[in-house]
Amino acid sequence: MASSLTALLNTIILLGIVQGFIMSGLLFFSKKQRYANRLLSALILLITLASFNLYGSYQNWFGSAWLAFLSVLIPLVVIMPIGPLMYFYVQAVLDPSFTIQKKQRLHFLPVIIDFVPSLTVIVFLTGLGFHFFKNTPAPWGNFIDTYNVYADIPRWASITLYVLLSYRQLTVAKVKAAKNGSNPGIKWLQQFLRVMLLFQCTWFVFLIPYVIPEYSNKLLDAVDWYPVYIPMAVMVYYLGIKGYVVSHTATAAQKAQAAQATLSNTVVEQTAVLLEKAMEEDRLYLDPTLNLDAVAQHLHLAPKTISAVLNQHIYKSFNEFINGYRVEAFKEKLLQPENENLTIAGIATDCGFNSQATFQRTFKQVTGMSPSQFRKSELQAN
């Protein structure tokens with residue numbers, strides 16, 4: 001490949017890396033659609049790190065023995081979480097109250113596939129230190145090189161599977177939107193998944209000859225990794241910019257839609273009474289997986305009606321409303337003598353919180369103090 005063309009392609013990859021780090025940071029700290037944007041931020045960061053690893057090898061950044069060792073020990077090419085991140089991002093855009101639950105974290109377990117080379121190095125060095133192995137790293141290095149070739153098969157399959165699952169999720173959302181009103185995130189998610197699917201097709205065309213031993217080296221000698229990493233650079237640029245802009249546009253559209261929505265006083269009063277009953281009598285807030293759709297199904301109301309009543313009349317978001325009841329339940333349970341031996345974390349879990357970080361943040365927002373400070377002040381007052 002001509003040196004001038006190689007320099008141009010390397011520059012494109014470098015620009016994608018810079019853009020990826022910038023947009024990942026902007027999305028992570030964005031206050032609009034915070035949870036969804038953080039998932040997209042993580043996805044873009046993983047793609048960017050893989051590009052950084054390739055560009056670094058081209059520029060001989062890992063030329064020293066220590067940096068080469070660290071580049072193997074600390075993997076920069078971590079691909080397996082991309083599929084789940086994409087799948088959960090789609091859900092978070094469709095449902096702003098969505099959060100990843102404990103069982104859903106199992107989707108990230110296959111990341112072990114990305115860590116096998118690092119674990120191999122650790123096993124070899126440990127065995128060397130205890131004199132279990134001879135100082136012959138060549139077979140271990142050959143294993144890692146061979147493994148890295150075939151590890152791309154489950155990586156490609158994982159992302160493709162989650163693209164299909166995301167499309168199914170989006171299809172269901174489109175049907176709901178047709179019944180309950182438009183969802184401003186659907187159009188963007190269609191574009192997002194098309195980009196991911198197009199990249200998967202491109203990667204598949206490259207992957208077929210790459211995993212065949214007699215063609216692998218010939219392929220890399222002819223075109224290197226550019227057919228995969230140039231589209232990745234373009235994808236990072238597009239997803240970052242578009243995702244950031246869409247999150248702000250969607251939030252504005254949702255606010256405008258909410259402002260235009262008009263509900264009769266009767267509907268507002270009935271909905272408020274039903275919400276209060278669902279919390280105080282049915283105690284739905286104790287369910288850590290509770291979301292807007294579940295409450296709507298329980299009350300036999302449209303999600304947009306509940307959302308409108310909460311936002312326009314109770315002046316709270318869905319999460320603020322639910323967590324408010326959880327905090328009150330925690331305060332009541334914390335001060336009961338029979339619970340004095342229970343931990344704060346255990347009581348919070350019993351009251352519906354599925355994340356200690358969320359609980360600590362929410363409790364301080366509601367009460368102005370930490371849980372331990374609250375217990376101390378109450379004990380002193382009594």
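## A walk through an all-helix model

Helix H5 (residues 112-129) and helix H6 (residues 138-150) pack at an angle of about 180°, their axes lying 10 Å apart. H5 and H6 are therefore roughly antiparallel to each other. For such angles, axes are lines fitted to C-alpha atoms, for helices over the stretch in contact, and the angle between N-to-C directions runs from 0 to 180 degrees. Angles under 35 degrees count as roughly parallel, over 145 as roughly antiparallel, 65 to 115 as roughly perpendicular, and the rest as oblique.

Before going on, please note that this is a predicted model, in which local features need pLDDT of at least 70, side-chain atom pairs count only at pLDDT 80 or more, and totals for chains, interfaces and linings use all residues. Residues are numbered from 1 along each chain as its sequence is written, and side-chain values use heavy atoms, with hydrogens and water left out.

**The chain overall**

The secondary structure comes to 17 helices and 0 strands. Helices (H or I, at least four residues) and strands (E, at least two) are DSSP runs, numbered from the N terminus. Along its principal axes, the C-alpha trace spans about 75 × 55 × 30 Å. Of the 382 residues, 39% count as buried; buried means under 20% relative accessible area, exposed over 50%, and partly exposed in between (1.4 Å probe, protein chains only). Among contacts with a separation of 6 or more, 72% join residues 24 or more positions apart, where contact means heavy atoms within 4.5 Å.

**Helices that pack together**

Helix H13 (residues 303-314) packs with helix H11 (residues 265-280). H11 and H13 are roughly perpendicular to each other. Their contact is made by Val267, Val268, Thr271, Ala272 and Leu275 of H11, with Thr305, Ile306, Val309, Leu310, His313 and Ile314 of H13.

Leu292, Asp293, Val295, Ala296 and Leu299 in H12 meet Pro303, Ile306 and Ser307 in H13. The contact of H12 with H13 has 6 nonpolar, 1 polar and 1 charged residues.

| Helix pair | Angle | Axis distance |
|---|---|---|
| H5 and H6 | about 180° | 10 Å |
| H11 and H13 | about 100° | 10 Å |

**The nonpolar cores**

A nonpolar core is a set of buried Ala, Val, Leu, Ile, Met, Phe, Trp, Tyr and Cys residues joined through side-chain atoms within 4.5 Å. The largest one has 59 residues, and Met86, Tyr89, Phe192 and Met196 have the most contacts inside it. Helices supplying at least two residues each are H1 (3-29), H2 (34-58), H4 (82-94), H7 (152-180), H8 (186-210) and H10 (226-260). H8 gives the most to this core, with 11 residues. Apart from it lies another core, of 28 residues, among them Ala329, Phe330, Ile344 and Phe363.

Not counting residues up to four places away in sequence, Met86 touches Leu43, Ile159, Tyr162, Val163, Ser166, Phe192, Leu193 and Met196.

**Some single residues**

Asn37 is found in helix H2 and is buried, with a relative accessible area of 0%. The Asn37 side chain makes a polar contact with the side chain of Ser30 (3.4 Å). A polar contact is a pair of N or O atoms within 3.5 Å; within protein, one must be able to donate a hydrogen and the other to accept it, and residues adjacent in sequence count only if both atoms are side-chain atoms. Leaving aside neighbours within four places in sequence, Asn37 is in contact with Leu27, Ser30, Lys32, Gly243 and Ser247.

Two loop residues have a positive phi without being glycine. His131, in the loop between H5 and H6, has a phi near 65° and counts as exposed at 71% relative accessibility. Tyr315, in the loop between H13 and helix H14 (318-334), has a phi of about 60° and counts as exposed at 64%.

Key. Ala, Val, Leu, Ile, Met, Phe, Trp, Tyr, Cys and Pro count as nonpolar, Asp, Glu, Lys and Arg as charged, and the others, Gly among them, as polar.
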